[in-house]
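Here are my notes on this model, point by point. Please read them alongside the coordinates.

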Amino acid sequence: MSSAQDTPKKKVSLGGVSETALLTLNARAQEARRPDPLLVDPMAVALVDSIDYDFAKFGRPRQDIALRARLFDTQAASFLTGHPTATVVALAEGLQTSFWRLDAAIPDAQFRWLTVDLPEIIEIRTRLLPASPRVAVCAQSALDYGWMDSVDVAGGVFITAEGLLMYLEPDQAMGLIAQCAKRFPGGKMIFDLPPAWVSRVSRRGMRTSRRYTGPPLPFSLSAAQVADLVNTVPGVRAVRDLRLPPGRGRAFNAAVRMIYRAPVFQALRPCLTLLEFG
């Protein structure tokens, strides 16, 4: 009888921004393997184990990637509590495994899922992840707004842009937010952005190891700029400033508390934002 170790691994080749899907997948899987995981993600572990790829090139995984996924899960689950038949739209989903985490966490789950990503990513997801009748895909850029016509808005709409907007040009990112606000009144959208200093440094290349340098991050907003979206983007009814859930280690948690509590450090922290559309 063959074991999981006997199953040949599948080769995956991605470059540029798309390769970051493998970086974040590995971070979540390595966290899920721990005896005290901050994120329970067996599908991520299985996916990493099925891929023939040099994940070590990314260097040591960061716990904030798993914490970000946990925060996005918490916000999606909260929305689905009040909208059990809603559609979750995962923009530029990469190799996220959020659907299966939420499906396991919500009893008798009914929500539907729409993955929007480039054809090369969709091909990998289709080849390596299990199918579900509640999951649909659009093999196209999130900036090709045609995906919006595929969204069933009857039960409500929750849009995730996890690790997406930062890789877009400012006009592209703001245009996507504005179009979502226009097309999905009553819905919500969650996204994350780096602080401006990280965006500036990324233009010169940010190394995670000797063998990997991340792509530039052209787009960022300060906490004040994000809060002002309610005044500058038609259809944005409310803006909620979120923060990472507690992580591992006193030093990590103390640093997170400090940058959120002290106004002088506001420019140093990332933005984790939930928009409500009116």
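**Notes on cavity, helix and rings**

1. By class, seven nonpolar, three polar and three charged residues line the largest cavity. Ala, Val, Leu, Ile, Met, Phe, Trp, Tyr, Cys and Pro count as nonpolar, Asp, Glu, Lys and Arg as charged, and the others, Gly among them, as polar. A cavity is a set of points on a 1 Å grid over the protein atoms alone where a 1.4 Å probe fits but cannot get out; lining residues have an atom within 4 Å of a point.

2. This is a predicted model: local features need pLDDT of at least 70, side-chain atom pairs count only at pLDDT 80 or more, and totals for chains, interfaces and linings use all residues. Residues are numbered from 1 along each chain as its sequence is written, and side-chain values use heavy atoms, with hydrogens and water left out.

3. The largest cavity has a volume of about 100 Å³. Of its 13 lining residues, Ala90, Ser98, Trp113, Thr160 and Glu162 lie nearest the centre. α3 gives the most to this lining, with three residues. Helices are DSSP runs (H or I, at least four residues), numbered from the N terminus.

4. Helix α1 is largely enclosed by the rest of the structure, because 12 of its 13 residues are buried (under 20% relative accessible area, 1.4 Å probe, protein chains only).

5. Arginine 134 lies over the face of phenylalanine 111, 4.8 Å from the ring centre. Arginine 243 sits likewise over tyrosine 260, at 4.8 Å. The rule requires CZ of Arg within 6 Å of the ring centre and within 35 degrees of the ring normal.

Conventions: Buried means under 20% relative accessible area, exposed over 50%, partly exposed in between (1.4 Å probe, protein chains only). Helices (H or I, at least four residues) and strands (E, at least two) are DSSP runs, numbered from the N terminus. On a 1 Å grid over the protein atoms alone, a cavity is a set of points where a 1.4 Å probe fits but cannot get out, and a pocket is an open set with protein on both sides within 12 Å along at least five of seven lines; lining residues have an atom within 4 Å of a point. Grid points are joined across faces, edges and corners, and a volume is the space filled by probe spheres set on the points.
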